[in-house]
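Please find below a note on the structure under review. The points are numbered so that each may be checked separately.

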Amino acid sequence: MNAFTSANAPNFQAGKEMSQSVPSGQQAETADVIVVGAGPAGSAAAYHLANAGLDVLLLEKTAFPREKVCGDGLTPRGTKQLINMGLDISEEAGWIRNYGLRIQGAGHQLQLDWPDLSSHPNYGLTRNRMDFDDMLARQAVKAGARLRERTNVGAPILDERGHIVGVTAKPVDDNGRRAGADVEFRAPLVMAADGNSSRLSIAMGLHKRDDRPMGVAVRTYFTSPRTNDDYLESWLELWADDPKQPGGKVLLPGYGWIFGMGDGTVNVGLGILNTSDAFGKVDYADLLKQWLKVTPDEWQFRDEYQTIPIRGAALPMGFNRQPHYTRGLMLLGDAGGMVNPFNGEGIPYAMESGSFAAEVAAQALRRQPNQRERALSAYPKALKQEYGGYYTLGRIFVKLIGNPEVMRLCTKYGLPRTTLMKFTLKLLANLTDPRDGDVMDKIINGLTKLAPAA
């Protein structure tokens, strides 16, 4: 018997519902926790919840394996979360290691190793999201979570207090078309891990904040001899041929990346922030094509070597949807706007939020129902303590680099200074030791503690 069906569970049937009723003869499926979305945040939460002995329903609107845009390259912060989930991250299991970041800009190239820390591994990993998300979801299932694929969650079910106590969903086929009657899932706690758009959050009245940074990223793959490069590569300047001046070059908005997948292909893409004047006014796929035209022919970043179309995704940053807990609903990962404003990285923070949420939920659900709210309020507090000050610094950083002149000066005078760039790498990747770190770690940790968490 799970906690939901125990004598302590509230009588949800008496509550007011914002959904259709269960079809005649069909019984709602129940659990201790419902997790909506089986991306990195949802699967990490489901894994840790199941390991804590809770009955977990993990609802995913598509079927695995399925493609997701961006996120193939992980820094050591993301690697740590995979280790915490007990995944086999060996080369034999198909993972490709990367050992640092190569930075290109202002005619300079600087290659930096990931810092050697006690709190994180000194390497990152590369894995296609087609495999990556599938493996995380299956790991959650191995731990005991119940995965329901092709289950497109619609409306929340509310009780008389306005607390969410379940969701309705429609079964769908591989094309996203309805494949049956609506079904209900019920639990005393629901986690929204349904990405940037987060229909569930919106249905609960939680909308994005316009005062937080937002990014857009586009990417594609090419067969390329650079496939076995064991460093991620970041381009701080993107140049293209100037159509108005033959032989001239023009600086494009945004930043770029290149990293090898180890399977004969390379992930190439660019990102742009809403602090740029060009945000929302340009064709991002066309920008990517313009930049790639001027890359060396031997890299093969040309149409004939492209393996899939250019695809894009939004990057919700700096806690752009809050509160992260309200009325029985916890927001995880992109649903809570947890992408790092400094570098656009989202997977580590998604998985960490899933771990935080699971720990809080395990404590809360082992209390009497009327005592759970105090325990659940620890979740947004934990997020702000962990990321709040850092994200505040990130929002300042985003505003500064949105000025092309500031970015030009930083690139021109910063890149030649290796010590400064090592500090910058630690700051941008959020890689420091909390207690026994070096001077750089102490400065970064001190700054994040001084910055207000909002």
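1. Basis. The model is predicted, so that local features need pLDDT of at least 70 and side-chain atom pairs count only at pLDDT 80 or more, while totals for chains, interfaces and linings use all residues. Residues are numbered from 1 along each chain as its sequence is written, and side-chain values use heavy atoms, with hydrogens and water left out.

2. Packing of α2 and α6. Helix α2 (residues 76-84) and helix α6 (residues 347-364) have axes that come within 8 Å and cross at roughly 35 degrees. Helices here are DSSP runs of H or I with at least four residues, strands are runs of E with at least two, and both are numbered from the N terminus. The axes are lines fitted to C-alpha atoms over the stretch in contact, with angles running from 0 to 180 degrees between N-to-C directions. The crossing is left-handed, that is, the near helix is turned anticlockwise from the far one by less than a right angle.

3. Residues at this crossing. From α2, the residues R77, G78, Q81 and L82 meet P348, Y349, M351 and E352 of α6, where contact means heavy atoms within 4.5 Å. By class, four of the residues are nonpolar, two polar and two charged. In this scheme Ala, Val, Leu, Ile, Met, Phe, Trp, Tyr, Cys and Pro count as nonpolar, Asp, Glu, Lys and Arg as charged, and the others, Gly among them, as polar.

4. Nonpolar cores. The largest nonpolar core holds 61 residues, of which L49, L82, L189, M191, M330, L332 and Y379 touch the most other members. Helix α6 supplies the largest share of this core, 10 residues. Another core, of 24 residues, lies apart from it and has C70, L112, W257 and L415 among its members. A core is a set of buried Ala, Val, Leu, Ile, Met, Phe, Trp, Tyr and Cys residues joined through side-chain atoms within 4.5 Å. Buried means under 20% relative accessible area, exposed over 50%, and partly exposed in between (1.4 Å probe, protein chains only).

5. Residue L82. Not counting residues up to four places away in sequence, L82 touches L74, L87, I89, W95, L125, F132, L136 and M351.

6. Residue T220. T220 belongs to strand β14 (residues 214-223) and is buried, at a relative accessible area of 1%. Its side chain forms a polar contact of 3.3 Å with that of Q306; such a contact is a pair of N or O atoms within 3.5 Å, and within protein one must be able to donate a hydrogen and the other to accept it, with residues adjacent in sequence counted only if both atoms are side-chain atoms.

7. Residue A46. A46, in helix α1 (residues 40-51), is buried with a relative accessible area of 0%. Beyond its neighbours within four places in sequence, A46 is in contact with V56, L58, A140 and A145.

8. Cis peptide bonds. The bond from F64 to P65 is cis, with omega near -5 degrees, and P65 lies in the loop between β3 (56-59) and β4 (73-74). The bond from Q322 to P323 is also cis, with omega near 0 degrees.

9. Positive phi. A106 is not a glycine, yet has a positive phi of about 55 degrees; A106 is partly exposed at 30% relative accessibility. S198 has phi near 35 degrees and is buried, at 0%.
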